[in-house]
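Please have your viewer open and follow along.

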Amino acid sequence: MNFQQAQTIAQLNGEEAIPTVCGMCGPGGPGGGCGIYAFVRNGVFTRVAGMDECPVNKGAICAKGHAAPQWVYSADRLKYPLRRVGKKGEGKFERVSWEVAITHIAEVLTEQKALHGAKSLAILTPAKRAYSAYLQRFLTAHGSPNYGHSGICAMQRAFAFLYTLGDYPRPDYNNADLIIYWGRQPIYAGPVAPPARAFLAAKKRGAKIVAIKPSVEPDVGMADIWLPVRPGTDAALALAMLHVVIRENLIDHEFVEKWCYGFNQLRDHVLQFTPEWAESVCGVPVFQIEELARLYATTPRATIDLGNGVEHAPSANDAIRAIGILMAITGHLDRKGANIFIKPPANAPKDITLRDRYDRDLVEALVGPEFPPAFQPFLEGPSSAYYRILESVLTEKPYPIRGIIAPGTQPLVSTRGTKTVLAALEKLEFFVIVDVARTAEMAYADIVLPVATCYETDHPYHNVPGWLMAPNRVIEPLGPYKSTFEFFLDLGKAMGYGNDFWSGDIAAAMDDQLMPLGLDMAQLRQHPTGIVKQPPPQDYEKYQTVFNRRSPRLGNPPFLPQGKVALYNNSFEQEGFSPLPEWREPPESLSGTPELAGEYPLILSDYHTSRNYSASWQRNIPHLREIQPVPVLHIHPEAASAREISEHDWVRVSSPYGWMKVQAELYPGIRPDTVMILHGWWQGCSELGIEDYPIADGGANVNLMYSVDPEKAYDPLVTAMTSQTLVEVTKWRELQ
Amino acid sequence: MNTTGNEHYISFQPENCTQCHGCEIACKAWRELEYGVQYRRVRNLWRGDYPEIRSFTLSLACLHCVEPACAAVCPSEAITKEAEGGVVTVDEALCTGCKLCAEACPFGVPQFGEEGVMQKCDLCHSHQPADCDPPCVDTCPGKALVFVKEGASEKRNAEQRLVRLISSAE
């Protein structure tokens, strides 16, 4: 609805309609950036409507967005700042003030820095949030490089693409005749965002839709072609597609000649990856591999939308490089309807990450580099892999992290290796949680700071493609809360870094960042529904510019040393990595470890997104929990009946590393050799009488099911962690 | 009243639905429904067998049928089809909670909360200004839900389309 309609409805109901930004897919800070009208009655936040004027969601809003009031008023909200008084894990706290909590953290971090160096502090980051830059700013001001990125999200794609193509190749949805959604969830990843609208528009105009993933989700249900790939085998599929297009000479010779480096080495290398070989690994029939390779190569306006699904495997980087190479050699780069390079906006808010202070010492101090040190910093600055930070607490290699701040992220359910993480949290010297609601690992915290939801604050400014908006406070904070942004300002000031933190003044922080855009928060707020920005016109074939783009590595060498697409990658070769995309089996798989298939005959993997939850959050929201009340395992009816499992039976899922107790959903749209579950289950929903599940064995936490073997479980270049293993599923019987 | 017909309802176009469940929760939030009660439900339905399998979606609320089966069986005459717009409404004071309507409805629409009386979608007639769509329609990203006003024969066809859609699932 538009602002006028919202005001009319509000008046009719004795309410006020407040235009602002939804925060439900980035709890603790705006995520997706959809415009909403928040309705308030007698000081109570009651409901939400989508904002027509916002170009992101154009008036629509998803299930999560509508459930916002239940999140704000949840019984699981943290009430006040807490300081541990009992043993770690006991969960005994005393109530303290915000100021006492900040002072306590500052004292401990100052002491740890004096004794062990600044690098002993790590901050774990959730997915990219509006406050991510504040984490980086704080770490750099403190002197630590240990920004703990998840190692399974977005940056893995960005890294492989940028060092292969010089830029991220965006799908030109609106002009494509063929769209391949590969390991991608175009709907759950943002049901009211432009990619979901583009999906429907493409269907409507008759574009062919291909989906590559192990099970049928709604997007696959609407696709023309489905390739039911085994989890974690995308690299094998991509390499076989390269084999087919080269064998059948379906390549753009002119482009390859002029703009690609190392074609002959690539040609010889992919000879071994036949479709027959790929079928035995990825489970997709030869004819489908060949047909898709031909269809893609011979459709001029064909695009690939590569999703997060490819980032969870030991050959993640290889899969992404191979797909980038496939785009390049078939002439699908930066042409209309293909994969295009988007020019950065002319004006951007001020970058606050202090990246001019990055130096060799900082990079060499990384405790567990997410990307090899030679390629650090990457786009977001220097980063350590989230799991490796926690692992260092136990191994003390190369040194132990001694202090961790977790703002809006839950290490026990957000990363793999739950048993290691639990042991690390028991041993960790100092652990700070900054969150909206109670978290899975709260009992191990030394300090817990409750933060305001975005509905209880009036910042930050919100800048997404096409829209600039000043959010408005919907209700007064329900407790002694400040925002995550203010947490870092307050802590920065208390640490003596006030000069870098606007002397603790959040309004000054906002205005400073907006300055390059020629306005301040007060002026932006004069536009109640924000400012709509027109994208610059798209021009194509910008190869000369893009292929010479400079990297953020120290010294800023170009991403592509030859100024050409790196089919053969010298940069990786120089650092001891394969110059060509390879295939590595997951730690356990039907083709790689057939000896395990007797005891564990099914492949297990997990879903990264869902229609109703953001990662491991929001299980406590009744409206959302009613959609999906219990953790379900998708299992094909044939696999179920072979095990005498019926619909909604509770089952035990056992891998070589742990086990879960979950409910079976007989799911005809999944590979019969594969079972899948949504990740992130632990939290109960007291309003619906649902209790928490155990974090460890016997719960529904899929993270503990996978290998974390340093030799097998990672992509060696980009630290992607495996989310594939082999399991057996048995009907749950009491006294088991 | 619309002059082109006198049947109001929310039509559903499955080809425009991405199964986001936004409509379901918009309804729950805007109508402040109690736990367990749903005026609108989003369901995934299957067609075919692996690997030639596809799914499709159904977003279903009261159709306000031309000849409502629920009203026909109600022993206390609590269910009425209104003259204006053909909206099927429930008089909570008359409903005894016998649930015969739930058995009669081919779409599983009637809901019973704590109070035990039948409740369901009333097109938000009493809740929205005239120029605003019901929240489920307003929130739909693909315009899969559309508020329509048309004649009785078109409306009957829409009911039949829905029956065929449901029966095409396996």
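## The second largest pocket

In the lining of the second largest pocket, β2(B) supplies the largest share, four residues. This is a predicted model, in which local features need pLDDT of at least 70, side-chain atom pairs count only at pLDDT 80 or more, and totals for chains, interfaces and linings use all residues; side-chain values use heavy atoms, with hydrogens and water left out. Residues are numbered from 1 along each chain as its sequence is written, while chains are lettered from A and ligands numbered from 1 in the order in which they are written.

The second largest pocket holds about 770 Å³ of space. A pocket here is an open set of points on a 1 Å grid over the protein atoms alone where a 1.4 Å probe fits, with protein on both sides within 12 Å along at least five of seven lines; lining residues have an atom within 4 Å of a point. Points are joined across faces, edges and corners, and the volume is the space filled by probe spheres set on them.

## Who lines it

Of the 30 lining residues, A:Arg611, A:Ile627, A:Gln628, A:His634 and A:Glu665 are the closest to the centre of the second largest pocket. Two or more lining residues come from each of α24 (622-627), β24 (632-635) and β26 (659-666) of chain A, and from β2 (41-47) of chain B. These elements are DSSP runs numbered from the N terminus: helices (H or I, at least four residues) and strands (E, at least two).

By type, the lining of the second largest pocket divides into 13 nonpolar, 10 polar and seven charged residues. Ala, Val, Leu, Ile, Met, Phe, Trp, Tyr, Cys and Pro count as nonpolar, Asp, Glu, Lys and Arg as charged, and the others, Gly among them, as polar. Domain 3 (166-343 + 556-574) and domain 4 (594-731) of chain A each give at least three residues to this lining, with bounds from an automatic or database domain assignment.

## Salt bridges

Over all chains, the whole structure has 44 salt bridges, each a side-chain nitrogen of Lys or Arg within 4 Å of a carboxyl oxygen of Asp or Glu. One of them joins A:Arg438 and A:Asp692 at 2.7 Å, N to O. These two residues are 254 residues apart, with A:Arg438 in the loop between β17 (430-435) and β18 (447-450) of chain A and A:Asp692 in the loop between β27 (674-678) and β28 (725-731). A:Arg438 is partly exposed at 25% relative accessibility, and A:Asp692 is partly exposed at 35%; buried means under 20% relative accessible area, exposed over 50%, and partly exposed in between (1.4 Å probe, protein chains only).

Strand β28 of chain A holds A:Glu728, whose partner A:Arg643 lies 85 residues away in the loop between α25 (637-641) and β25 (650-654). A:Glu728 is partly exposed at 22%, whereas A:Arg643 is buried at 19%.

## Cysteines

How many disulfides does the structure hold over all chains? There are zero, a disulfide being a pair of cysteine sulfur atoms within 2.5 Å. For A:Cys25, the nearest cysteine sulfur is that of A:Cys34, 6.4 Å away. For B:Cys95, the nearest is that of B:Cys101, at 6.3 Å. B:Cys95 counts as buried because its relative accessibility is 16%, and A:Cys25 counts as partly exposed because its value is 40%.
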